[in-house]
Amino acid sequence: MRIAKDGQTVDSKEFATAAGDKIPNGDMSGWSTVSRAGLGSSADVAYPNAEGADAFWDCGNNGVTTTLCVSTEEKFGKAVPAAKLASMNMFVLAAGNLFTGSFNYASFTGTVDFGRKYAWTARPSALKLKYTATVGAIDMVRTSGDVLEGVAKGDPDNARIFVAIVDWTAPHQVVSGMTTTEGAWDPVKANTVAEGKIIGYGSLTIPASESDASDAALKDTELPIYWYDKTAKPAEGNYSLVISCACNAYGDFFTGCSKNTMYVDDFEWVY
């Protein structure tokens, strides 16, 4: 900063901009494997955290579906580590996904605990990342139990990425079974869940009409954060960050296109 008087410099100082907070494995370069159960057996599946690193990201990979989220080292003609999400037809829809939290599969039921503890030192204005997605028409729907009204086969599907800055005393759990879904939530629609409040959120919906079938290149995008509370900070030790990427916006209801794919990479904050 330069302080001038009558066109002459009388004082000057230099200020360094804070580096900001880092998102663990935000560049998707660190991967390992973890053993997961499924239908009476287990398998070593891709795990989006480096060997020995603290658990931060997770996905729905298990002993039945092992490719919902994998690392890709070679993409777009050069070595670019990224996460590839891919949905599958497993008699019901298995949605490709990546999120901050933890996952467990047992008895045809997937349980996601959303949220990780995160040491915030600054308030970001947006989440920046790179992505590309191929999104088609819905070809699978849940036919009994918790059925989504107004959603049918042949309708355009959507992929979804969102971020939520939260103040939760525990992770928020979503349990998706063959006929029921418990705990489904959307930070755009409500500013609180049972575990505490949602301070702010950013959301990107990727409709079939914007599908990039060529997967030609990862493109930059920013999710501006809209604040329910512009002054609150998460309590120290609480669960305070959710990032969620899903090939199918209705995947927790086993509804969507089973051929959707998405690549995501380079998560970072904008200040």
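The protein has 0 helices and 21 strands. Those are DSSP runs, numbered from the N terminus: helices are H or I with at least four residues, strands are E with at least two.

A word on the source. This is a predicted model, where local features need pLDDT of at least 70, side-chain atom pairs count only at pLDDT 80 or more, and totals for chains, interfaces and linings use all residues. Residues are numbered from 1 along each chain as its sequence is written, and side-chain values use heavy atoms, with hydrogens and water left out.

Now the whole chain. Of its 271 residues, 48% count as buried. Buried means under 20% relative accessible area, exposed means over 50%, and partly exposed is in between, with a 1.4 Å probe and protein chains only. Next, contacts, meaning heavy atoms within 4.5 Å. Take those with a separation of 6 or more: 72% link residues 24 or more positions apart.

First stop, Met178. Where is Met178 found? In the loop between β14 (172–176) and β15 (181–182). Met178 is partly exposed, at 41% relative accessible area. Setting aside residues up to four places away in sequence, Met178 touches Val92, Phe108, Arg142 and Phe254. Look at Val92: Met178 and Val92 are 86 residues apart in sequence, yet 8.0 Å apart in space, C-alpha to C-alpha.

Second stop, Val64. It sits in the loop between β5 (57–58) and β6 (69–75). Val64 is partly exposed, with a relative accessible area of 26%. Which residues does Val64 contact, leaving aside neighbours within four places in sequence? Gly38, Leu39, Met90 and Tyr105.
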